[in-house]
Amino acid sequence: MAASHWMQALSVMTLAVLLCAARTNAQGQSQLNLMPAPAHVQLGNGSLRIDSSFAVALTGHTEARLDHAVQRFQRQLSLQTAIPFPAKAPPSSKSTLEIHTDHASKEVQEPGEDESYILKVTPDGATLTAATPLGVLHGLQTFLQLVEVSPEAFSVPAVTIEDSPRFPWRGLMIDVSRHFIPLDILKRNIDGMEAVKMNVFHWHLSENQGFRAESKKFPKLHGLGSDGLYYTQEEIRELIGYARDRGIRVVPEFDMPGHSTAWFVGHPELASGPGPYDIERKWGIFDPAMDPTNEKTYKFLDQLIEEMAKLFPDHYFHIGGDEVNGKQWDANPKIQEFKKSRGLKNNDALQAYFSQRVQKIVTKHGKAVIGWDEVFIPGVPKDIVIQSWRGQASLAQAAAQGYHGILSNGYYLDLGWSAARHYAVDPLGGAAANLTPEQQKLVLGGESCMWSEYVNPENIDSRIWPRNAAIAERLWSPQTVTDPASMYTRMNAIGARLEWLGLSHGRSYRLMLQRIAGLSSPEEFAALRTLADVVEPAKDYTREQTVSTEPTSATPLNRLVDAVPPESAAARAFSELVDKFIAGGCHEAEAEARLRAQLSVWRDNDAKLQPLAQRSFLVKEVAQNSQDLSALGTAGLATLDFIAKGGAAPDDWKAQQLAAIQQIQKQKAQLLLMPAPAVQKLIEAAATGGACSTAKP
Ligand code: ACM
């Protein structure tokens, strides 16, 4: 295969991946491109043709949400096939898809409602049956994922699917405070959530860097704490309605007593230290915290929570509670005196006092508290939910004492992990695996978290999607669904499909590269794309280790590190190919040819990138990364030459190459060059005693 064609084959965003979806996986098992994988799938014979006569009928319980769902379904089906469907089918026409719903779901959606559905597709038609509209919504998404192109027409394979979720709480949190994310972008992410059957949108609305919800009672909160970037109450109601239509609950978070500087710009009297305060522009953990000893704090929170509890219908109200460093408390003699007089031994005890007071307020306004690990104090009312950012152990500890919890540790999208790494994290893994079945039921599920230090409206979709689909599957599908290869195949398919919903992870990548290169034609900046496709942003908050100026909310997110996907599909494919080559005894001609083609592209790429570096400072920043890629290509090709000659690579050569690779693996321009470990593996295989060091048969 010519090098350029091979690169094309690697591209995860191409329609081809979606439309030529494989029906068998590596184990030869039947596999549809469904994500999350349903609980039970039985393939039938033949397929149902999708053409312009396709019509949908609703029977049983009906409500406006179901009508909206059918309209949306038809719009999506039309996007996927470009077949126009009449808004209303002629009365005489036979329905292709019959939907039956037994009864309504709760007026305000609750965790644990029946979300199951049964979808039966035959060559003559399809039926979708569900106890409640929630199951219908999920079943319609499954149907849309089944649509494929065949040599004759668009069609859906004959199949019977019986499906229900493993966990009742399957969420995505978006931090809209560190960078403001406009409503339309939240909406399209909610569309994405619907597509992967997630059912909780956790709206992180306040932070040091912004208070983003309009308060009519305390207009200085958003008025002075948001730079004018906030959601009006009307917009908030609109989003809640939008989410409800898609079977998604909206849980608001007002983070307190820490992470709250933006509140103090308009209300310095709430803080534990003297003001005045400004909106925080930097990232990190900061000192300002609410004064837990002042009755006025609770009076204020009582009124604010009353207002917000009316605005947000969900039963759960998130009070944050994370990362109070206690410095303002320690520096305030009045607070120290309060601690002494109440016998509060330390700041944890003081925070427990605060949490209990706020929990009472939340309860008084008809809601239950959800908070980060820190709000868990043994003895608090049992309706609380612990959201664990610390890990399964703290979740298990809470469950062992009878408390509900959800897992977020392991699902932080901003850490830049691979989808496979997130996928391997199970809410009932680790310490939670030792819980009794009754205790395990208290673990309600999990939430992925999109913290937004390095996320803005332009690149947020690419930080969430498609990796979030892997987390959605972990929370929906049976625990036994764990094969990463199958996950990647299906995640890439859904990743392409999500762009039909308006999600911009592929498009924004192209546009950002276009900006970085200062060129508009993809052919002109192909060399930048080649490099960009194999680098990933530094992981685990190490990004700031090598910068000379501290980033702030005013720092433009226009560098290559901001543009590239968190996970390189091309590097993963290369690594798999190296493994295959070595496993095959290093004399498989086809694998070798493909490796050579790829390594040659990399070796030759730096010369092509240099003119781009001359014209753009944003390309110049990654000049060393480009040279490193070229060096990797050269080293890989030399290694293949040694292998082809049938001798082992000399020890001094190997040592030299490995030393060079060690340098190459260091983060540069906040980027990691992802094929480096695979090239290292190849070098080691070629050296004396390595898997490839014996002559070809
Ligand atoms: C958190 O990561 N501080 C919730």
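There are 37 salt bridges in this structure, a salt bridge being a side-chain nitrogen of Lys or Arg within 4 Å of a carboxyl oxygen of Asp or Glu. The model is predicted, so local features need pLDDT of at least 70 and side-chain atom pairs count only at pLDDT 80 or more, while totals for chains, interfaces and linings use all residues. Residues are numbered from 1 along each chain as its sequence is written, and side-chain values use heavy atoms, with hydrogens and water left out.

Take Lys-187 and Glu-238 to begin with: their closest N and O atoms sit 2.4 Å apart in a salt bridge. Lys-187 is in helix H5 (residues 183–195) and Glu-238 in helix H7 (residues 233–245), so this pair ties together parts 51 residues apart in sequence. Helices here are DSSP runs of H or I, at least four residues, numbered from the N terminus. Lys-187 is buried at 18% relative accessible area, whereas Glu-238 is partly exposed at 41%; buried means under 20%, exposed over 50%, partly exposed in between (1.4 Å probe, protein chains only).

Next up is Asp-641, whose side chain meets that of Arg-596 in a salt bridge (3.0 Å, N to O). Asp-641 belongs to helix H25 and Arg-596 to helix H23, so parts 45 residues apart in sequence are tied together.

Now for the cysteines. The whole structure has 1 disulfide, meaning a pair of cysteine sulfur atoms within 2.5 Å. Cys-586 and Cys-692 form it, with their sulfur atoms 1.8 Å apart. The S-S torsion is about -45 degrees, so the disulfide is left-handed. Both Cys-586 and Cys-692 are buried.

Note on methods:
Helix = DSSP H or I, 4+ residues; strand = E, 2+ residues; numbered from the N terminus.
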